[in-house]
Amino acid sequence: MWFKEGNPAIKVFDSSSPNTETFKGEIFGTTTQKNCSTRFDDVNQSHDGSYYFRLEDDRMKFSFKPNPPFQVAVLGSPPKPTVRVFKDQQEVMETVQVMEGSSVSLRCSTKIFCPSRPPSLTWSSSLNENVTGRQYQNQTELISDLNFTVSHRHHGVTFTCSATHQLQKKITTQESQMIQVQYAPKNTSVRINPAGLVLEGRSVTLSCSSDANPAVNYTWYRDTEELLNPVQTGPNLIINNTDPTHRGRYYCRAENKHGTQNTSVLLDVQSSINTQSYFCQRPADG
């Protein structure tokens, strides 16, 4: 039997009539082996309190009152799972900044409230890709490890662990973790505005872009990859009042602390003399 402490104590469960008291359930432990493990069904927050076990048979009557007393605290809903991050087998305690190519493990854990109906853990990500963790458990927790090698595609991606508890009804809670990835410049490119042939005397802008973390610094070069004079930096190179001497190949170098990447574009400036003679040409006599 189980009693809830009070003045007087209240009997809440009797194994001889398990469906007649406050609690419904069963004793599945073997009392002769000093195991009084009991499952209670349909508990709620009004059942918070201190409890003790009492054994009665033809030979003995004994109340087991531990010190401190056996305390029951009923939660309104299961807590969120816990997500921890490990980089190269070391737990990351601060903001999760990892280098591309690192081995990362996301560990999700949740408490097992009912061993006969354990929860389940599932992973999802903002990449909308299927992600599956390696799941195992100990005496009190269910754990799922999601292991992967980090690439630049994981920068800013949120991984979510969902814990579904099979209680009187299914209850799902979630916890998320965003990954910040540091990587060298990638996909560096240059575009010309306006695009195509540039007329002499017009202005033109060369714009360079690159995918990197941390952000890159841009430096511009000309033809033989020598620095422009004066040195030009920043994502945009603006050339005003163009003339044929501006023709040539321009290089953009994107650089951060993890590496560099170069790209180039060919600028063609059309002489105004050629343009005017082209438009003034008369059709042949026919």
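Where is the place of Pro-194? Pro-194 sits in the loop between strand E16 (170-193) and strand E17 (198-199), where strands (E, at least two residues) are DSSP runs numbered from the N terminus. What you're looking at is a predicted model, in which local features need pLDDT of at least 70 and side-chain atom pairs count only at pLDDT 80 or more, while totals for chains, interfaces and linings use all residues. Residues are numbered from 1 along each chain as its sequence is written, and side-chain values use heavy atoms, with hydrogens and water left out.

- Most residues other than glycine have a negative phi, and most peptide bonds are trans.
- The peptide bond from Asn-193 to Pro-194 is cis, with omega near 0°.
- Another cis bond runs from Asn-7 to Pro-8, with omega near 10°; Pro-8 is in the loop between strand E1 (2-4) and E2.
- Asn-187 has a positive phi, near 55°, and belongs to strand E16.

**Buried or out in the open**

- The cut-offs for relative accessible area are simple: buried is under 20%, exposed is over 50%, and partly exposed is in between (1.4 Å probe, protein chains only).
- Asn-187 is exposed because its relative accessible area is 58%, and Asn-241 counts as exposed at 55%.
- Ala-215, in the loop between strand E18 (204-213) and strand E19 (217-222), is exposed as well, at 65%.
- Phe-62, in strand E6 (residues 61-64), is partly exposed at 46%.

**Around Asp-14**

- Asp-14 lies in the loop between strand E2 (10-13) and strand E3 (24-27), and with a relative accessible area of 11% it is buried.
- Its side chain makes a polar contact with the side chain of Lys-11 at 3.3 Å (a pair of N or O atoms within 3.5 Å; within protein, one must be able to donate a hydrogen and the other to accept it, and residues adjacent in sequence count only if both atoms are side-chain atoms).
- Setting aside neighbours within four places in sequence, Asp-14 is in contact (heavy atoms within 4.5 Å) with Met-1 and Glu-21.

**An open sheet**

- Here 4 strands form an open sheet, ordered E20-E19-E22-E23, with antiparallel pairing (two strands pair if DSSP finds at least two bridges between them).
- Strand E20 (226-227) and strand E23 (259-267) stand at the edges with a single partner strand each, so one side of each has no neighbour in the sheet.
- E19 and E20 pair over 2 bridges, and Tyr-221 stands opposite Leu-227 in E20.
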